[in-house]
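Here is a short tour for anyone meeting this structure for the first time. Have a look at it, then read on.

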Amino acid sequence: MLLTLVRASFRRRRTRTLLAVTGVAVSAALLLDMVMLSSGMRASFRSMLLARGFELRLAPRGTLPFDTEATIDSMSAVVRTLQANPDIVAVSPVLGGQLHVLLGDARLSTVALGLVPAVEGDYELRAGRNPCASDAMVVSQPFLDATHLHVGDTVRVAAGYDTQMRALTGQHTMVITGIAHFLYMPADARVVAMPIASLQAMIPAPNPDRASLFMLRVRKGADVEQVRRWVERAVPRATAISTETAMQQLDDRLRYFRQLAFILGSVSLVVGFLLVSTLVTVSVNERLGEIAVMRAIGIASRTVILQVVLEGTAIMIVGSALGLALGLVTARYLNGILSSFPGLPAAIDFFLFQPRDAWIALGLLGVSGIAAGIYPAWRGASLPIATTLREEAVG
Amino acid sequence: MTGSSLVLHARDLRRDYAMGESPVHALQGVSLEVASGDYVAIVGPSGCGKSTLLNLLGAIDRPTAGTVQIRGRGVESLSDAEATRFRLLHIGFVFQRFYLMPALTARENVELPMAEAGVARAERRARALELLDYVGLRGRAEHRPTQLSGGEQQRVAIARALANRPALLLCDEPTGELDAHTGAEMIALFERLNADGTTIVVVTHDEDLAGAARRVVHMRDGHVVSDTRTR
């Protein structure tokens, strides 16, 4: 009967109920988006770092991976040193650079990665095969779109440009063997990847045996932090960064961003609370006579309180459910806009849906729905029956 | 009158209201006894304290002094929750303005007190239909109050008041909002109810309704000035 009364109350004020539910839905959508925003970047960054299971990254001392053009010399020796530790199960050296692609009279710049295809952790092969031969390379789809080349095509590349001679230097002929999705690169980046020895040979340097970055996979069950400390001792020229360290650095950089999301989320929660509270209070005020009669004929104040609180909670729950859908749609749209910022890895999401976030948002809204009904419920339940009936009769 | 046949025993009831600096003495020592099966009309000019008395008899207000016993149970000292439960199970109310729940059907309105009393769904539905049949509205059970005439709404209100088989039916100007013809039908219904054993106390200005009662209590200025048995 209680549910019948609640349903009946909504039916009676359909337009108002609909407007309130819509208002709560908008508020819930904003809250969900803010909760997703506050944790989404962090979660997607972490997931990106761990996508291929590499928990440690080794960059030239004092730098972050690919933050500068600095490299670590004696790559082969470093790899041997790292492989000597039984807690390190894979070492993937990466050399970064820039190549010029020769297309008739035109030339196109592209990011180049040198790596060991058997243990690489930079890309996912989408078509073709890995670049195992010294003249093989895999490329990103934007590279193919820009050059109008195809898998199997041969292309001339150059590593440098002599400004005095006005000529490209270090020219090589490479074969495109596959299309790859590069995990840490922007979605629209032109990227090629080839065996690290090939790139080392192309880009002139006093010590060709070098790498920009080492990615390390740690044995399951091993203490990553302990391994990190060992690596820093074993390779003093490098800084070892664990996923957790990187996350802490990210947290520091995103602190203001998260505070903003927290404030906006709180505002949307308060707006939802005030909306429902106002609606239920108005609704109770309109029904003072009805409530007084209910109390007079023996309906317990507990029942009146439950009815009013249920009304507030029902509006919050239905509005929140709609807001969940609305929030996901708007998050997807906003994510599309924010992710197209130049230089951002394609794998980074600003709004990442996680069931936990949805439960948090729904839980907060549910609690605020109950809270929103408490004052009007108390007001309804504590009416002086005789006085209210007399005032209603006079009114 | 024996104690066991008494449904209602009010003694020396007083009710003061704080209105500014000087209190208003709405009731100034009213005593009333109503036996089981009686039909009492309380009449008097506006402001004489009729409705105040009815509220005290129905345990929806507390007397400043005096006692009210219904079926031997003192109701003036009950807590709010106890008084509410007592009203639910022992007292039926009929108001001038019907006060049905507008969003519920006639049947649901009649079921409401039974649902609160914990009567099983099937049983309360059957009883609600039986009561609507009794007041001549079986065919209107699924209509909402806005789809019913004033007389029909008041019949539903009477069915609702009888839902939990109360010891006492208290009515406050039940014909006040009805035209003469419908009022006459209502008077006939009250007579039938009383003939079937319902104890009724009605506050009214309606001379026809008062004339149908077995006993008429006249009030003035917060006092009972006469108590006449007509039948």
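## A covered strand in chain A

First, a word we'll need: a residue counts as buried if 20 or more other C-beta atoms lie within 10 Å of its own, with C-beta atoms placed from the backbone. Keep in mind, too, that this is a predicted model. With that in hand, take strand β11 of chain A, residues 213-218: five of its six residues are buried, so by the cut-off of 20 or more C-beta atoms the strand is mostly covered.

Which strands does β11(A) pair with? One is β1 of chain A (residues 56-60), joined to β11(A) by three bridges and running antiparallel to it. There, A:R57 has A:M215 as its bridge partner. Another is β3 of chain A (residues 88-103), also antiparallel, with six bridges to β11(A). In that pairing, A:P93 sits opposite A:F214.

## Another strand of chain A

With β9 of chain A (residues 191-195), β6(A) runs antiparallel through two bridges; here A:V139 is partnered by A:V192. In general, strands of a sheet pair through backbone hydrogen bonds, either parallel or antiparallel.

## Chain A as a whole

Stepping back, chain A has eleven helices and twelve strands. Its 395 residues include 41% that are buried. Among its contacts between residues at least 6 apart in sequence, 82% join residues at least 24 apart.

## A sheet in chain B

Over in chain B, six strands make an open sheet with mixed pairing, in the order β6-β7-β8-β3-β9-β10. Which strands are at the edges? They are β6 (91-94) and β10 (223-229) of chain B, each pairing on one side only. On average, neighbouring strands are turned by 15° against each other, direction ignored.

Inside the sheet, β7 (residues 168-172) and β8 (residues 200-203) of chain B run parallel and share four bridges. One pair to look up is B:L170 with its bridge partner B:V201. Helix α5 of chain B (residues 150-161) packs on the sheet and touches β6 and β7 of chain B, and its direction makes about 170° with that of β6(B).

Helix α4 of chain B (residues 121-134) has 14 residues, so at 1.5 Å a residue it should span 20 Å; its end C-alpha atoms are 20 Å apart, which agrees. Its buried residues are B:R124, B:A128, B:L131 and B:L132. Why do they lie on the same side of α4(B)? Because they cover an arc of only 100° around the axis.

Those buried residues pack against α3 (106-117) and α5 of chain B. The face turned away from them carries the exposed residues B:A122, B:E123 and B:A126. Just after α4(B), B:G136 takes a positive phi of about 80°.

## Where the chains meet

How many residues of each chain are in contact with the other? For chain A it is 20 residues, and for chain B it is 25. On chain A's side, the elements giving two or more residues are α1 (2-12), α8 (288-296), α9 (301-339) and α11 (385-394). By class, that side has ten nonpolar, six polar and four charged residues.

Technical notes:
Residues are numbered from 1 along each chain as its sequence is written. Chains are lettered from A and ligands numbered from 1 in the order in which they are written. This is a predicted model: local features need pLDDT of at least 70, side-chain atom pairs count only at pLDDT 80 or more; totals for chains, interfaces and linings use all residues. Two residues are in contact if their C-beta atoms, placed from the backbone, lie within 7 Å. Ala, Val, Leu, Ile, Met, Phe, Trp, Tyr, Cys and Pro count as nonpolar, Asp, Glu, Lys and Arg as charged, and the others, Gly among them, as polar. A residue is buried if 20 or more other C-beta atoms lie within 10 Å of its own, exposed if 12 or fewer, and partly exposed in between; C-beta atoms are placed from the backbone. Two strands pair if DSSP finds at least two bridges between them. Axes are lines fitted to C-alpha atoms, for helices over the stretch in contact, and angles run from 0 to 180 degrees between N-to-C directions. The expected span of a helix is 1.5 Å times one less than its number of residues. The arc is that of the directions from the helix axis to the C-beta atoms.
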